[in-house]
Amino acid sequence: MTPHIGPEVEASLRWGDIISAIADGHRLPPPQVDDTVFRRGDDTMLSRAAWIDGLGLAVKTATIFPGNVADGIPSINGSVTLFADRSGVPEATLDFHLVTK
């Protein structure tokens, strides 16, 4: 189950720092990026993996299950996992919805 990301988490983010980090990332070599898509009927899983040499690796996975609406649960879910550039050790798993926002 994906944990709820409440307003207190978003309020604690320093958007200026996030913008600076994104700008810093764009000064590094272009990332290696690859996408994977799996389908089963109406259900889909999309994954995008990226590696920016000197910064790290990330895998963003989203699932789209339209039938979830009938069960009262979100039809789009996912997560982002960050890995250390030098060791490949997982450093963080982030809520997909917050990262996408």
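**A walk through the predicted chain**

The protein chain exposes about 7500 Å², and carbon and sulfur atoms supply 61% of that area (accessible areas come from the Shrake-Rupley method with a 1.4 Å probe, and for residues only the protein chains shown count as cover). This is a predicted model, in which local features need pLDDT of at least 70, side-chain atom pairs count only at pLDDT 80 or more, and totals for chains, interfaces and linings use all residues. Residues are numbered from 1 along each chain as its sequence is written, and side-chain values use heavy atoms, with hydrogens and water left out.

Let's start with the overall layout. The chain has three helices and five strands, arranged along the sequence as α-α-β-β-β-β-β-α. Helices (H or I, at least four residues) and strands (E, at least two) are DSSP runs, numbered from the N terminus. The C-alpha atoms fill a box of roughly 45 × 35 × 20 Å along the principal axes. Of the 101 residues, 16% are buried; buried means under 20% relative accessible area, exposed over 50%, and partly exposed in between (1.4 Å probe, protein chains only).

Two of the strands let us look at buried residues. In strand E2 (residues 43-52) you will find Ser 47, which counts as buried because its relative accessibility is 17%. Its side chain makes a polar contact of 2.9 Å with the side chain of Thr 61. A polar contact is a pair of N or O atoms within 3.5 Å; within protein, one must be able to donate a hydrogen and the other to accept it, and residues adjacent in sequence count only if both atoms are side-chain atoms. Beyond its neighbours within four places in sequence, Ser 47 is in contact (heavy atoms within 4.5 Å) with Asp 34, Asp 35, Thr 36, Lys 60 and Thr 61. Over in strand E4 (residues 76-83) sits Thr 81, also buried, at 19%.

Now for the charges. Side chains of opposite charge can pair when their charged atoms come close. There are four salt bridges, each a side-chain nitrogen of Lys or Arg within 4 Å of a carboxyl oxygen of Asp or Glu. One of them joins Arg 48 and Asp 35, with the closest N and O atoms 2.6 Å apart. This pair links distant parts of the chain, since Arg 48 lies in strand E2 and Asp 35 in strand E1 (residues 32-40), 13 residues apart. Arg 48 is partly exposed at 46%, and Asp 35 is partly exposed at 40%.
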